[in-house]
Amino acid sequence: MSGASPRRDSGRRLIDADRVDDAVRGLGDRETVREWAARFSVLADPSRLTLLVCIHYAREICVSDLAAAAGMTDTAVSQALRLLRAHGLVTAQRTGRVVRYRLADDTVHELIHHVRPHSPL
């Protein structure tokens with residue numbers, strides 16, 4: 001839209017309408033943004049973030065082992081995992097009587113890499 005006069009949106013004069021269009025396209029579905037905002041609010045708790053980092057490095061881990069790794073009680077871990085599952089950050093798989101948790105998807109893995117990049121072993 002170069003050279004065209006700026007559009008008006010809600011009574012606002014736009015300086016660079018192309019950039020506004022790019023921003024709106026990039027924003028996409030606002031419901032997805034709300035869902036991720038809720039996920040980020042869950043991640044804002046240090047205990048829950050600790051659990052996600054531990055799960056990331058263990059790849060798959062049960063509640064009691066996760067509690068030992070995170071320095072938390074089994075009850076606190078179970079409550080946090082319920083919330084993490086509800087927000088789609090972790091999934092669970094039962095093998096017999098043992099339930100193991102893992103990160104829900106690659107997006108969550110990428111987020112954890114930004115929090116705690118892999119260090120050489």
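F40 is partly exposed, with a relative accessible area of 44%. W36 is partly exposed too, at 21%. Here, buried means under 20%, exposed means over 50%, and partly exposed lies in between (1.4 Å probe, protein chains only). This is a predicted model: local features need pLDDT of at least 70, side-chain atom pairs count only at pLDDT 80 or more, and totals for chains, interfaces and linings use all residues. Residues are numbered from 1 along each chain as its sequence is written, and side-chain values use heavy atoms, leaving out hydrogens and water.

**The aromatic pair**

- The structure holds one aromatic pair (ring centres within 6.5 Å).
- R39 lies over the face of W36, at 4.3 Å from the ring centre. The cut-offs are CZ of Arg within 6 Å of the ring centre and within 35 degrees of the ring normal.

**Helices α3 and α6**

- The axes of α3 (residues 46–58) and α6 (residues 106–115) come within 10 Å and cross at roughly 105 degrees.
- α3 and α6 are therefore roughly perpendicular (65 to 115 degrees).
- In α3, L49, L52, V53 and H56 meet H109, I112, H113 and V115 of α6 (heavy atoms within 4.5 Å).
- By class, this contact has five nonpolar, three polar and no charged residues.

Terms used:
Axes are lines fitted to C-alpha atoms, for helices over the stretch in contact, and angles run from 0 to 180 degrees between N-to-C directions. Helices (H or I, at least four residues) and strands (E, at least two) are DSSP runs, numbered from the N terminus. Angles under 35 degrees count as roughly parallel, over 145 as roughly antiparallel, 65 to 115 as roughly perpendicular and the rest as oblique. Ala, Val, Leu, Ile, Met, Phe, Trp, Tyr, Cys and Pro count as nonpolar, Asp, Glu, Lys and Arg as charged, and the others, Gly among them, as polar. Rings of Phe, Tyr and Trp (its six-membered ring) pair if their centres lie within 6.5 Å; planes under 30 degrees apart count as stacked, over 60 as edge-to-face and the rest as tilted.
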